[in-house]
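Biologist: Please take a close look at a single part of this model and describe it in one connected answer. I would like the chain as a whole to come before the detail.

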Amino acid sequence: MNRRLGRISVLAFLVGQILLGQVSLAQVSLAQGPLKPTNSTAPPTYSGVDSSIAQYLCAPDNLSTGAVLYECISKVYRFGIAFGAIALVFFVVLAGYFYMVGGETGKEKGKSIFKSALTGMAIILSSYVLLNFINPDLVKIKPIQPPIFSAADLPKCEDVGFQSGCVLPNGQVHGGGVAGSAAEAQYKPLIAKYAQAKGLEYCALSALIQKESTFIYNNVSNPPPDRVNTSIGSPPSYNVTFSSGHGIGLTQVYIYPGNSSRPGGEFGFSKPLTVQDLINPETSISAGAHFFGTLVRERRNNLRQAYDDYQAGRGGNSDPATLDKYMDMYAACKRR
Amino acid sequence: MFEFFEQHKKLILALAIAVVLGMTAILIFLTVRQQPATNNTETVNEPAYSFLQEDISQQDQYLMLLGKIVTEGYGTYSKSDYRGLLDVQNQATEQFKATVQQQINTMPATKNVSTVVDAETIKLENTSSSSATVRMRGISTEAGKQQSITSTVNLVKEGEYWLVDNITFAK
């Protein structure tokens with residue numbers, strides 16, 4: 001009886017590995033989700049067989065995200081899934097082998113192992129269903145959210161060993177090399193702040209703004225003149241016609257024809273975003289960063305696809321030359 | 001349930017052997033297959049221009065990319081969208097800002113031109129700590145008509161910024 005219970009426990013553990021893997025799958029994508037900030041050391045390069053093993057290594061490959069622990073847990077789970085699945089197959093094959101070739105004694109032994117496997121699976125399944133029924137959160141494995149700092153909270157770059165792309169306590173960004181442009185410089189602290197808050201790389205967000213608005217806070221697309229005139233009337237009535245669609249502000253959040261605002265939900269705001277809101281640099285950068293961060297995660301860090309979605313809507317089909325421009329700006333920013 | 005296994009014992013054993021052999025073959029194939037070198041998402045998110053892969057300095061790569069960006073910005077505009085020109089203006093010397101502004105002001109309403117640079121032709125010349133020339137070839141398209149161009153971008157360093165001092169297109 002004790003041996004039987006032991007076998008059931010082992011098999012229950014192995015099946016559990018598989019089930020836990022199932023509930024952690026969503027976290028695997030999250031673990032690969034947010035882009036790394038620029039203030040990182042170069043991750044190690046793997047090739048050949050190394051690259052297969054690397055996915056199970058827990059060595060920190062990025063020292064700056066604060067996500068190393070849950071990335072590591074995710075890797076351990078993936079290893080557990082692989083190991084558990086192999087072991088389960090082994091036991092079922094073993095049971096079959098005993099049953100086929102083991103004579104009368106082997107048959108009983110095979111049956112016993114097979115039944116134990118089924119029993120273990122039933123126990124795990126029933127416990128999963130029960131826990132899920134009581135509270136679905138009990139079977140969810142959540143990533144450990146790294147703390148989000150504002151620029152003012154951050155320590156000096158030198159104190160933490162960063163050389164470039166680091167936000168200084170006074171809100172200034174230490175470029176570490178050649179600056180981009182004076183137009184970009186005035187928004188660097190805001191770009192750094194919201195890139196970090198929304199899990200984006202500084203250069204990914206900066207390139208988006210450069211391409212969308214060339215760092216002109218009141219940029220408006222369609223039609224020219226391409227700046228919102230803020231001096232018309234009081235309260236302001238802008239030189240945009242709501243019968244047309246317009247991209248407004250630094251991140252060119254689009255207001256559809258026939259609307260005077262854009263619902264704020266997908267941009268991280270609880271209220272609609274008006275023209276007045278969108279020509280505010282901080283609101284525009286926050287809104288654009290929130291939405292772009294969502295797209296980057298949906299596209300599993302493929303920036304080109306995320307820029308395509310941002311430019312032309314989800315599943316967008318932008319002109320490849322346009323997407324090349326985003327990527328060039330991103331690559332140039334990375335080399336400054 | 002177990003009677004079924006008893007009846008088809010040989011067939012099941014043969015199938016099991018076939019599955020094991022098949023899986024072994026797949027495993028061997030996956031193990032010996034030459035895997036492409038991979039490193040990280042940053043590489044995936046980089047343009048595949050050869051000069052970015054070569055052993056040249058970050059600054060030189062930056063200047064070549066800057067030359068490409070401003071050439072395409074300077075050569076891609078219409079009356080309804082000239083953000084590329086504004087981007088060049090943002091990164092230009094005072095003298096060249098005025099040239100770009102002149103181009104914006106005098107742009108014909110029907111003008112619609114786009115320029116794409118062939119990244120593999122970008123050459124960096126006369127580089128010093130305060131100036132550089134970037135030369136490249138590309139295609140300019142206007143009203144469906146394509147024309148080959150050679151762009152020369154003069155860059156100067158003012159303070160901490162590299163600025164565009166001049167762009168000339170030769171056809």
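Modeller: Of the 171 residues in chain B, 37% are buried, where buried means under 20% relative accessible area, exposed over 50%, and partly exposed in between, with a 1.4 Å probe and protein chains only. This is a predicted model, in which local features need pLDDT of at least 70 and side-chain atom pairs pLDDT 80 or more, while totals for chains, interfaces and linings use all residues; side-chain values rest on heavy atoms, without hydrogens and water. Residues are numbered from 1 along each chain as its sequence is written, with chains lettered from A and ligands numbered from 1 in the order in which they are written.

Among contacts (heavy atoms within 4.5 Å) in chain B with a separation of 6 or more, 49% join residues 24 or more positions apart.

The chain has 7 helices and 6 strands, which are DSSP runs of H or I (at least four residues) and of E (at least two), numbered from the N terminus. Their order along the sequence is α-α-α-α-α-β-α-α-β-β-β-β-β.

Now for strand E2(B), residues 112-117: B:Val113, B:Thr115 and B:Val117 form its covered face, and B:Asn112, B:Ser114 and B:Val116 the uncovered one. E2(B) pairs (at least two DSSP bridges between the strands) with E1(B), residues 77-78, in the antiparallel sense over 2 bridges. There, B:Asn112 stands opposite B:Ser78. E2(B) also pairs with E4(B), residues 131-142, again antiparallel, over 5 bridges. In E4(B), B:Glu142 is the bridge partner of B:Val113, a residue of the covered face of E2(B).
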